[in-house]
Amino acid sequence: MRYVIVGSGPAGLSAIESIREVDRDNEVLLVTAEKYVGYSKPLITYLLGKMTEKSKMFYRTEEFLKENDVSILPETKITGLATEDKLLFAENGEKIEYDKLLIATGGRPFISEIEGLKGQDGIFTFTTWEDEEKVENYIKENKIEDAIVLGGGLIGLKTTEALMKLGLKVTIIELSDRILSVTFDRKASEIITRALKKEGCEVITGDTVVRVKGKKRISKITLKSGKEINTQLLIIAIGVKPNVEFLEDSGIDINRGIVVNEKMETSVNDVYAAGDCTEFLDLIDGQRKTIAIWPVAVSQGKVAGYNMVGKDSKYPGGIPMNSVELAGVPTVSVGHTNLIEENGFEVLTFENKDTYKKIVLKDNKIVGAILVNNIDRAGIYTGLILQRIDVSSFKNKLLDENFGFVYLPREFRKMMLEGDVKVWLE
Amino acid sequence: MKRILVREEYCIGCKLCEINCVAAQVGSSNLIKIYRYVPELPEPNLIVEEDEYTTFAIQCRNCDDPMCLKACITGAMHRDSFTGAIRVDKERCVGCWMCVMACPIGVIKRTNDGKKAASKCELCVDRGTPACVENCPNEALVLIEVGE
Amino acid sequence: MAKTRTPPEFILERDDYKCIRCLVCVRVCSYGANFYDEKENRVYTENSKCVGCHFCEAVCPTEAITVKRNKFDIKPSAHWTSEELFDVIKQAETGGILLTSMGNDKPQFNYFDRLVLNASQVTNPSIDPLREPMEIRTYLGKKDAYLEIFEENESQVILKTEVSQQLKLEIPVMFSAMSYGSISLNAIKSLARAAETMGTFFNTGEGGLHKDLKRFGKNMIVQCASGRFGVDIDYLNSGAAVEIKIGQGAKPGIGGHLPGEKVTEAISETRMIPVGTDAISPAPHHDIYSIEDLRQLIFAIKEATRYKKPVGVKIAAVHNVAAIASGIVRAGADFVTIDGIRGGTGATPKITRDHVGIPIEFAIAVVDQRLREEGIRHMASVVVAGGIRKSADVVKAIALGADAVYIGTTALVSLGCHLCQRCYLGKCNWGIATQDPKLVKRLNPEIGARRASNLLKAWTLEIKEILGGMGINAIESLRGNREVLRGVGLNERELQILGIKAAGEAW
């Protein structure tokens, strides 16, 4: 028996953990396109901004892989899969046999149509450690002093922050009318925009890059609005999409991501998928979608791993959630937060000088929460969303400064305080 | 694996747990010295909630399947293989606050003493008995063994 | 109203160096005596509000607090103590009866400490309780004068007499009647659990029976007092015995009054009265004006309990206690409880507590003596209460003639009580004499039960030790064995009534 895991992100590594929890004997092979194995992708912005160091990039260390007796094939990009023969094809021509396969290839950056991109240096996406190394070297070698970040999402903004820490003057260009438009509501976006501007960052919204100019190296960009900005560094961070192109001829059902069931099984026997390359249930609206966040990847990987070794496990679905500190402003967004009262949602907000809180409810159950600045105890809302607790008896306390378990129904509280806390996994 | 059982029916709301948690973090039992001479005291790693007659202290539940572990992007949050307690390696933590967002009990705190890092109850595993349990005057906090 | 002229009774001293401003003392004081001044960053105490319960002192993590008595240095007078002085001042201010709680605190009523016990030397061997069996189990109830035995054949003997129901006590110490209302449910639960662990009994008092206590039935004596609160046939049958309460040592001759505001939902349920109504226990039982009437109630209860439960009668120790006890025994009681002048209570007029009744030591002696003289001592057990603080008191009480003792105050002290005598305010910081849910939960019944059990365990060891020293191997051999007692500093008449010799006198 040979378990093959493609992808060394959180989904792949957590699957390894659960496989090894049950089966310590059979072979586990980890195949990854990356040079570094076991590092944490979200940390690359921290590394660039010198907020962490290389030795701390590995969220699962070499010892972890050794302890779990994992064979590793690094820098091996998979280009095809023959499910009938149970064979993976690598770019380097290698063929890899498997008995049980987990596809955890994550996402890859999406690049929009921009004129003149080809052949220019100084243009990067920013999702892997290799990207980080390239950018870091590029800045160092060319003494770069300013940068354009295309895309005002979480990756774009975290990259912006890192570049600013290096002393660069950064301009964010976002196509929609505000940054973080997917994750946060207008108010929270405003607060974060204000904080970024205060730190010296320029934010251009409702615009995008259409043309890049330069001789071998980028020197100028042109915006849709016609505006031109001189720059030697352009980071494209407009989004990621499931990294599933190599499966096109495999016969596995793919919609936007790989279609999986609650056991993380794909449409083909013995092939599992987990993490950002999949699409599964959003617990709040019941829609199938890719929720490309770390905890979902870990949970799915865990479930996939268990099922691969024959231990029954189910993943009920997930919710989007993100936490990020930008320009010194910690923020949390859980669930669906851009819903409005006109569509039958109840919206509660609280605002003072330092804090912004917003709770979105539907039928007395929380479906979304935003916290800006004071994010302490944010997880209670996450728990209430995931457990679909009726909050009608304590709705008026939800936004209290001291909101906590004391206001929750006694039985629920006792369960949380005395029993084992189970939120995600059945 | 150990867990601190919170019995709200016996909590008298005195907050001795908070005081002793701070002392345990500083690493001394001499409260007078600590409160007089330690300039920046850490936040207690537990929260005393109060509303009318209901009071209780609440800290990490040491869940079987912890959300914080799943949410941690750095590996800083880990389960101590010897004691089973969930601990934070503050050196690794970068302060992304994913754990703060994920913990359904809301007991992971943010700290910033020069370095941003999450802070949580680690059951005083280096100390022995948790300081809050040891100093609760009414046994509202008790250390219990759970699981296998 | 003018400023009071009563100075604070206690002074709380706070060592400011040791005070870490944790504010635990501020949070816990139910009387609001401690407060924090944010501007000055200092904790203060309003001494006049301090009742001297020492709770803050106990929880202060740095030992910064010392609660001291205010010494009231008035001009010394043998006749006018500061207590007498301020009682007058208080009455001059209020025009009311002075209320107090717990038992009589005056020195002149204590006789136990003037009694000494014997020990074996040379001529008779002492017993080492760690090596040899020592029996401190006793049985309460009527003992038959003779047993009829039917001999079927040489190997089989059948007991023909139907032996009266007995209460089996693994230690001759029970917990006194304290009602749910006068003390908290957690306090009763503590004692109930301890009674269960130690194989003895607790007593419901006249507060009825809370549903949480039903499971302790086999270690419970239910009380039927003049208010008859919570009394129905289920109640009478729910315990191991029934005690008719005529009076108690802290307030002989007067009834009880639980104000309506203390009759909460839960208390109304157990007392079987509407919420918010005053619960008045009349001074006498209005159906008992004679021994004959008492006999009717005793037998009504025996009928109701199918003669399966011993029925006792509790009275306060008063001048005519011996004759009354004799009447009670003749009325059919299986045990007589006598409560002396030092008996405690949740609320009583100070004048009654401090001046009515007689010390229990005399009462034990005269009751035991009278019942023996009349040849009816075996017909009922004698349980005594009111001032038993330690195992030595238990031994002396039994040597004077008691079968067993009740402890009330001592039991509460084991739970945390510091004898501040403010039970009647209902704000007990120790969670004992209160119904305030915030205060009640300060008494964790697990801890309470452990402490009360520990007390009895310690006493068990001590009683065995002292019995062994006297060469006695069973507590029942000690009962009424006044030869083991000698008096110190007692006059001849007192010695005579106690039925003991003076120290120095041989057999």
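This section describes the chains, contacts, core and selected strands and helices of a predicted model.

Confidence in chain A averages a pLDDT of 93, and 98% of the residues score at least 70. Within chain A, the lowest mean, 84, belongs to H9(A), while strand E19 (residues 271–273) of chain A has the highest, at 98. Where pLDDT is low, predicted coordinates should not be read in detail.

Chain A is divided into three domains: domain 1 (2–108 + 241–308), domain 2 (123–238) and domain 3 (330–418). Between the C-alpha centres of domain 1 of chain A and domain 3 of chain A the distance is 33 Å. Chain C is divided into domain 1 (10–96) and domain 2 (139–502). The centres of these two domains of chain C, taken over C-alpha atoms, are separated by 35 Å. In the contact between them, nine residues of domain 1 of chain C meet seven residues of domain 2 of chain C. On the domain 1 side of this contact in chain C, six residues are nonpolar, three are polar and none is charged.

Two pairs of chains touch, and the pair with the most contacts is that of chains A and B. This contact involves 41 residues of chain A and 34 residues of chain B. On the side of chain A that touches chain B, two or more residues are given by each of helix H7 (294–308), strand E22 (321–326), strand E23 (329–335), helix H8 (378–386) and helix H9 (410–418) of chain A. H8(A) provides the largest share of that side, five residues. By type, the side of chain A that touches chain B consists of 25 nonpolar, eight polar and eight charged residues. H9(A), one of the contributing elements, is also the element of chain A in which confidence is lowest.

The contact between chains B and C takes 15 residues from chain B and 16 residues from chain C. Helix H1 (16–26) and helix H2 (31–37) of chain B each supply at least two residues of the chain B side. H2(B) gives the most to that side, with three residues. The side of chain B that touches chain C holds ten nonpolar, two polar and three charged residues. Chain A and chain C do not touch, and 14 Å lies between their nearest C-alpha atoms.

The largest nonpolar core of the model has 324 residues. The residues with the most contacts inside this core are A:Ile5, A:Leu102, B:Cys99, C:Ile338 and C:Val405. Leaving aside residues up to four places away in sequence, B:Cys99 touches B:Cys68, B:Ala71, B:Cys72, B:Met77, B:Ile108 and B:Ala118.

A:Leu102 belongs to strand E7 (residues 100–103) of chain A, where A:Lys100 and A:Leu102 point one way and A:Leu101 and A:Ile103 the other way. These four residues of E7(A) are all buried. In a regular strand the side chains alternate between the two faces of the sheet. E7(A) pairs with strand E1 (residues 2–6) of chain A in the parallel sense over four bridges. In this pairing, A:Val6 has A:Ile103 as its bridge partner in E7(A). E7(A) is also joined to E19(A) by three bridges, and these two strands run parallel. Here A:Leu101 stands opposite A:Val271 in E19(A).

Chain C contains an open sheet of eight strands in the order E11-E21-E20-E18-E17-E14-E13-E12, with parallel pairing. Strand E11 (173–175) and strand E12 (202–203) of chain C are at the edges; each has a single partner strand, so one side of each is left without a neighbour in the sheet. For E12(C), the partner is strand E13 (residues 220–224) of chain C, with which E12(C) pairs in the parallel sense over two bridges. C:Phe202 stands opposite C:Met220 in E13(C).

Helix H11 (residues 391–400) of chain C is mostly covered, with nine of its ten residues buried. Among the buried residues of H11(C) are C:Asp393 and C:Lys396, together with C:Val394, C:Val395, C:Ala397 and C:Ile398. Just after H11(C), C:Gly401 takes a positive phi of about 135 degrees.

Note on methods:
Residues numbered from 1 in each chain as written. Chains lettered and ligands numbered in written order. Predicted model: local features only at pLDDT ≥ 70, side-chain atom pairs only at ≥ 80, totals over all residues. Domains from an automatic or database assignment. Nonpolar A, V, L, I, M, F, W, Y, C, P; charged D, E, K, R; others polar. Core = buried A, V, L, I, M, F, W, Y, C linked by C-beta atoms within 7 Å. Buried ≥ 20, exposed ≤ 12 C-beta atoms within 10 Å, placed from the backbone. pLDDT = per-residue confidence, 0-100. Pairing = 2+ DSSP bridges.
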